[in-house]
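Please open the model in your viewer and keep the selection panel at hand.

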Amino acid sequence: MKHFTSVLDIPSLGNWLEDAKALKKDPRGHLHLGKGKTLGLLFFNNSLRTRLSTQKAAINLGMDVMVMNFGKEGWALEFADGTVMNGQSAEHIREAARVVSQYCDILGIRAFAQLENRELDESEPVLNGFLQHATIPVVNLESALGHPLQALADAITLEENRIKKQPRVVLTWAPHPRALPHAVANSFVQIMQRMPVDLSIVQPSGYELDKSIIGNTPVYFDQAKALQGADFVYAKNWSSFEQYGQVVSEDQDWMVTKEKLGDAKFMHCLPVRRNVVVEDAVLESEQSLVIQQANNRTYSAQLVLKKLLEGLTL
Amino acid sequence: MKHFTSVLDIPSLGNWLEDAKALKKDPRGHLHLGKGKTLGLLFFNNSLRTRLSTQKAAINLGMDVMVMNFGKEGWALEFADGTVMNGQSAEHIREAARVVSQYCDILGIRAFAQLENRELDESEPVLNGFLQHATIPVVNLESALGHPLQALADAITLEENRIKKQPRVVLTWAPHPRALPHAVANSFVQIMQRMPVDLSIVQPSGYELDKSIIGNTPVYFDQAKALQGADFVYAKNWSSFEQYGQVVSEDQDWMVTKEKLGDAKFMHCLPVRRNVVVEDAVLESEQSLVIQQANNRTYSAQLVLKKLLEGLTL
Amino acid sequence: MKHFTSVLDIPSLGNWLEDAKALKKDPRGHLHLGKGKTLGLLFFNNSLRTRLSTQKAAINLGMDVMVMNFGKEGWALEFADGTVMNGQSAEHIREAARVVSQYCDILGIRAFAQLENRELDESEPVLNGFLQHATIPVVNLESALGHPLQALADAITLEENRIKKQPRVVLTWAPHPRALPHAVANSFVQIMQRMPVDLSIVQPSGYELDKSIIGNTPVYFDQAKALQGADFVYAKNWSSFEQYGQVVSEDQDWMVTKEKLGDAKFMHCLPVRRNVVVEDAVLESEQSLVIQQANNRTYSAQLVLKKLLEGLTL
């Protein structure tokens, strides 16, 4: 694994989940591995969990960390090749990525979808710009299309809470006042497709995810029916993929309630809008795994950094 | 002491002042104590001294530090319970505090009074939100009602400069072009009330502090008279408490001058507006303790962190 | 050397270039030197290379680093003496510099020219304010008049790539859509004047640099002619010094092309506007040294910090 940009970069998920379990038992058992190595975290968007958990993961591995809010503290970047740069952008990704690679050993990049132009978002200009021009391993801290560190934390959490051999996992769309990207939903679907679970997706018509992500996963439109018998319910809002970036329904009936949840465990990546996405009663119940998911962000990031550091020393 | 949110959390001020003296003599003598421990500093307002001195204190104790400008780098927080979160706030304190507690061992929070609604400020929504929901010790880096790290630094400084057994300490209101919170004045009064000093407060009519803070401390309205025979003059502006958050007087005659000061030592928490709060001649004289007070911010923070770390390892 | 604010602070450039070579071979060979020492980096302007390379340099020396975006995270500073501070500025440099000196062992300051008032820029209010009032060594991370860490990195890079004993080095003005400061050009000229090179400057009429910087260095106005036979071409835009801070020409004919470059090596401090300052073909060729220059920023900063740390321990 040269970079970690997608759930698909995980060579063997089963082995990784075993490794994560071991890491969590002894988080500071590999302090030597990161000694003298520097992690650069470049944020093009806001962040709470990713910012702090990835720093913590690096600290646990003995790494030094440099955090930068790229847009606010650095220079506006140009990503297109051949441009005459006489506008807003002061620096080209070709220089920025190569330069930063010289100050760090591993690079983390967060750059959300802008939800204005599907083709542009699908080209992942920021993440792919760094992937193409950086000379060190790159970690996706949430890009336009995916949030694999979150998905890995979700998989670890599910593994810690599974009772059945093949639990029923339902990803349900939930309402939200603003248009949100597809990254979390995409990566959750992708990682669950690689686990021994019975996965399905339910959302209002018009909110189907990208077909290439859905693959053979069953898609339903009746939330009540889809949630019946679920062992894990993962709620998440996303904007329309077909009418790209649009909010085509804010139907409050899709909010997850304790009644709908039944005996299932509740999952969400956070931040979550209470009483819009899910009612208070769910989050305050023992069925909620959201705090545990957030905790596993540290170990998810630490596992990825550990694998990349091991690759560096080969 | 589980948290450090107020001067009143100090169990024995006399012992603490002795401990501070010892700590200052050997600031890096407890590097083992913070090893493997992480301090999270969450700023909801700007900061210079608190930001740097608290980081330095943690470094002196061998801790790792993660600093975050919460409002600018994270998500807008909701503090009210039961809200339908379909407005500006993207995350509830119930999640944020519990999540961050998993990445840190001690948490520092700075959130000023907004001076618009007294009841809201008195409820200390941010600090109390973290206190209620965090699962780790919380340190007040200045809240609506108090700035105990500053007050402790003030007490250390006064202790270092006292000659008399029971010096006369006067807290005087001073003019300022903007409306300022009561936090520094509150905590200074509270800590002086616990020391062997003869404390009084002087301010123009309309600027009386909260009665529950004043207690039995004498309050005067004639600055010239109040400053006579003072050993320490602490100047600070605050807005009206009665006409909450209003500037009811900008009377420049209240500026502290060398003449008014007499032989007293001058104290201020900084930042200070020169020639508005106090004239240049005072700050440039040997009677000014303001730089020493700022230096003691490191040891004040370090003492608090040390006590909390010792509590963690019990 | 008490501070590092200008190329002229380097006592013996030849020795420093030898030291830089040794440092680069073993960057982490002096971890003991910075142990227990703290570097404070105060940014009044944006930064990518300086921010990250100087942090990395400090890490390589075992130092702790505290980074602060002064304007955005702290208080607006007053630099003029005797002011009645009833306006925007909340803190005077006299306090800020003395206070910060107590939390750090070395201080780095970045504060660009504002290009509105030549006399004000030439007085270097921010850098000189810190120099005057700080009680610890100060490093210039780019001020109104100079960028000596960049110039030192440039000199290291030139040294690594020189073939001839006395190469021909040409600093050429290049077009840019915005008005830029003179700092990089000033410091490059100053450091080249101290090296065994044949230096000349070429720019359109109206873009002559400060005469006190130019000294005896030949100045030309015909770019094609000036670049003939050059071994190193350093391109940089700057605004007019005579018509202070104005863009008096945007003549695109001054863009550096592969054809103009001939066999010379190409240098630029970055960030660079592609196809405005220099064409893509140059930056993508093996003649470009810009990435190597950026890499040498780490060693340039590390050498300066090392010298200052050695001074501290004397």
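Begin with the largest pocket of this predicted model, which is lined by 49 residues. To find its centre, select Asp64(A), Met63(B), Asp64(B), Met63(C) and Asp64(C), the lining residues that lie nearest to that point. Next, colour the elements that give two or more residues to the lining: α2 (49-60) and β2 (64-69) of chain A, together with α2 (49-60) and β2 (64-69) of chain B and α2 (49-60) and β2 (64-69) of chain C. The volume of this pocket is about 1800 Å³.

Turn now to the cavities. A probe the size of a water molecule, rolled over the atoms, shows where empty space is left. In the whole structure, three cavities of 30 Å³ or more are found. The largest cavity holds about 50 Å³ of space. To display its lining, select Arg118(C), Glu122(C), Leu145(C), His182(C), Asn186(C), Asp210(C), Phe241(C) and Tyr244(C).

The last stop is Glu78(B), located in strand β3 (residues 77-78) of chain B. Which side chain of opposite charge is nearest to Glu78(B)? Select Arg273(A): this residue is the nearest one, at 7.9 Å. Glu78(B) is buried and has no salt bridge. A salt bridge would require the charged atoms to be within 4 Å. Then show the backbone nitrogen of Ala80(B), which lies 3.2 Å from a polar atom of the Glu78(B) side chain. Finally, select residues in contact with Glu78(B) that are beyond four places in sequence: Thr83(B), Met85(B), Ser89(B), Glu91(B), His92(B) and Ile93(B).

Conventions: Residues are numbered from 1 along each chain as its sequence is written. Chains are lettered from A and ligands numbered from 1 in the order in which they are written. This is a predicted model: local features need pLDDT of at least 70, side-chain atom pairs count only at pLDDT 80 or more; totals for chains, interfaces and linings use all residues. Side-chain values use heavy atoms; hydrogens and water are left out. Helices (H or I, at least four residues) and strands (E, at least two) are DSSP runs, numbered from the N terminus. Buried means under 20% relative accessible area, exposed over 50%, partly exposed in between (1.4 Å probe, protein chains only). Lys and Arg count as positive and Asp and Glu as negative; His and the chain ends are not counted. A polar contact is a pair of N or O atoms within 3.5 Å; within protein, one must be able to donate a hydrogen and the other to accept it, and residues adjacent in sequence count only if both atoms are side-chain atoms. Contact means heavy atoms within 4.5 Å. On a 1 Å grid over the protein atoms alone, a cavity is a set of points where a 1.4 Å probe fits but cannot get out, and a pocket is an open set with protein on both sides within 12 Å along at least five of seven lines; lining residues have an atom within 4 Å of a point. Grid points are joined across faces, edges and corners, and a volume is the space filled by probe spheres set on the points.
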